[in-house]
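Hi,

Here is the model I promised to pass along.

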Amino acid sequence: MDTSNNLPLYTAFPFIPDEEALVTGFRQLLRSGMLTNRGPMVLQFEEDLLKHFGHANLSVVTCCNATLAMELTLRALGLRGKVIVPSFTFVATVHAVVNEGLEPVFADIDPNTFCISPKEIERLITPDTCAVLPVHVYGNVCDVEYLESLRKRGIRVIYDSAHVFGTRFHDAALGNWGDAEVFSFHATKILNACEGGAVTTRDPELAKRIKLLTNFGITNETEVDLIGTNAKMSEVHALFGRYSLLHLAQAIENRRKICSIYDDRLSGFSWLSPLKSQPGVRSNYQYYPVFLESLRVRDDLYQFFRTRNVFARKYFFPAIHLLAPYVNRYSAQLPVTEDTSNRVLCLPLHSSMREADAHHVCDMIEEFKKGR
Ligand code: T4K
């Protein structure tokens, strides 16, 4: 993006590194006459993803988006009762729980990682708790060791891993934790399939049920074994996803460079704190949140940016328990969530962003501070 032309800068922007190659692939696909219903491109994409994750005995099932992938995973597990979820997340996480007839129980987050707090989970567990749905926020990783211990207590763990495709934890890809993990390949995510998602699990029977559920529950031409829906990934989306996967390392490296400019230029500001890196985690740099001293300062900076064509986003504000479908319906005492949500602003960060754009954003932040 050319900042000299004052073109807009967005918190997220789709990454399309080599348009020509993508168009050629699309043309071949059109000529093949096979466009959906788990065709060869989807099967190949699932193979590519398996290689990317690199875990033995893992199954991968693609889906049309992460939201339906989460819903169908909850359904395939046959859950009944209460599911502990963070409120500091994208609305899809909690909608998925409710859409499956389950009751969300909101837990507060850890102020260092912004992921669900183990202490809070312990406080909220009751005999009705059937599952926990933790979210790896911004590219950070939840306390996976603690969460693994819950499974031994009969509580299912399904991760919302929408933000962490490409993040490495102790030099391994995520994807093999809990009962299942759900990734998003939405256009604004690191792995862009326009729309798309995938479930990973070490349980082949669970994978089989999820696969059936994405295709109406159809087993064969004369048998339907489950009440499923249409949540299949199309061949076009799989092509897009495969192509993005080829350029994943390049995308993450570019994001790393942009984040290091932000880190260098913003580290001296006492009134604004960036995200801290986590020990053992090599982030995918999905988002670059900064935390301001108050809601007022955050909103002022947000507006200041907008007048200069910079569209930063308040991920995640308002917190989910305060949104119309949830407020007054579910009790929730979430001081860390509310404080974080009131002060957060995600700066522009995408895989093809230029270093000059990052400096431009930092210049604006300096200008904002001088004017106060
Ligand atoms: N769990 C978590 C933790 C998530 O963050 C998400 C999705 C999900 C689950 C669900 O995954 P999917 O079912 O979508 O696979 C955006 C994305 O649409 C959403 O996928 C994402 N999280 C969320 C954090 O961000 P909005 O409502 O903020 O989107 P929108 O249209 O305002 O776009 C955000 C910015 O991106 C805009 O400033 C412009 C830019 N943009 C967007 C699109 C779609 C582009 O430049 N080009 C584009 O094509 O939700």
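**What covers helix H9**

The buried residues of H9 are covered by, among others, helix H2 (40-53), helix H8 (235-246), S13, S15, S17 and helix H12 (355-370). Before I go on, some ground rules: this is a predicted model, local features need pLDDT of at least 70, side-chain atom pairs count only at pLDDT 80 or more, and totals for chains, interfaces and linings use all residues. Residues are numbered from 1 along each chain as its sequence is written, and side-chain values use heavy atoms, with hydrogens and water left out.

The element names are DSSP runs numbered from the N terminus, with helices being H or I of at least four residues and strands E of at least two. Buried is under 20% relative accessible area, exposed is over 50%, and partly exposed is in between (1.4 Å probe, protein chains only). On that scale, the buried residues in H9 are Leu248, Ala251, Ile252, Asn254, Arg255, Ile258, Cys259, Ile261, Tyr262 and Leu266. The length of H9 works out too: at 1.5 Å a residue its 19 residues should span 27 Å, and the end C-alpha atoms are 27 Å apart, which agrees. (The expected span is 1.5 Å times one less than the number of residues.)

**The three-stranded sheet**

What is the strand order in the open sheet of three strands? It goes S13-S15-S17, with antiparallel pairing; two strands count as paired if DSSP finds at least two bridges between them. Strand S13 (272-274) and strand S17 (344-347) are at the edges with a single partner strand each, so one side of each has no neighbour in the sheet. Ignoring direction, neighbouring strands here are turned by 30° against each other on average. For angles, axes are lines fitted to C-alpha atoms (for helices, over the stretch in contact), and values run from 0 to 180 degrees between N-to-C directions.

S13 and strand S15 (residues 288-292) run antiparallel and are joined by three bridges, and Ser273 sits opposite Phe291 in S15. Helix H9 (residues 248-266) packs on this sheet, touching S13, S15 and S17, and its direction makes about 20° with that of S15. Contact here means heavy atoms within 4.5 Å. Helix H10 (residues 295-307) packs on the sheet as well, touching S15 and S17, with its direction at about 30° to that of S17.

**The seven-stranded sheet**

There is also an open sheet of seven strands, ordered S2-S10-S9-S6-S5-S3-S4, and its pairing is mixed. Its edges are strand S2 (59-63) and strand S4 (103-107), each with a single partner strand, so one side of each is left without a neighbour in the sheet. From one strand to the next, the twist averages 25°.

Strand S9 (residues 180-184) and strand S10 (residues 197-201) pair in the antiparallel sense over four bridges, and Glu181 has Thr200 in S10 as its bridge partner. H3 lies across S2, strand S6 (156-160), S9 and S10, running at about 165° to S9. Helix H7 (residues 204-214) packs on the sheet too, touching S2, S9 and S10, and its direction makes about 15° with that of S2.

**H3 against H4**

The axes of helix H3 (residues 66-76) and helix H4 (residues 91-99) come within 9 Å and cross at roughly 35°. On the H3 side, Thr67, Met70, Glu71 and Leu74 meet Ala92, Thr93, His95, Ala96, Val97 and Asn99 in H4.

Two peptide bonds are worth a look:

- Tyr315 to Phe316 is cis, with omega near 15°; Phe316 is in the loop between strand S16 (310-311) and helix H11 (335-343).
- Phe317 to Pro318 is cis, with omega near -10°, and Pro318 is found in the loop between S16 and H11.

Then there are residues with positive phi:

- Tyr138 is not a glycine, yet has a positive phi of about 70°. It is in the loop between strand S5 (129-132) and helix H6 (144-151). Buried or exposed? Tyr138 is buried, with a relative accessible area of 0%.
- Asp171 is not a glycine either, and has a positive phi of about 60°. Its loop is the one between strand S7 (168-169) and strand S8 (172-173), and Asp171 is exposed at a relative accessible area of 54%.

Cheers
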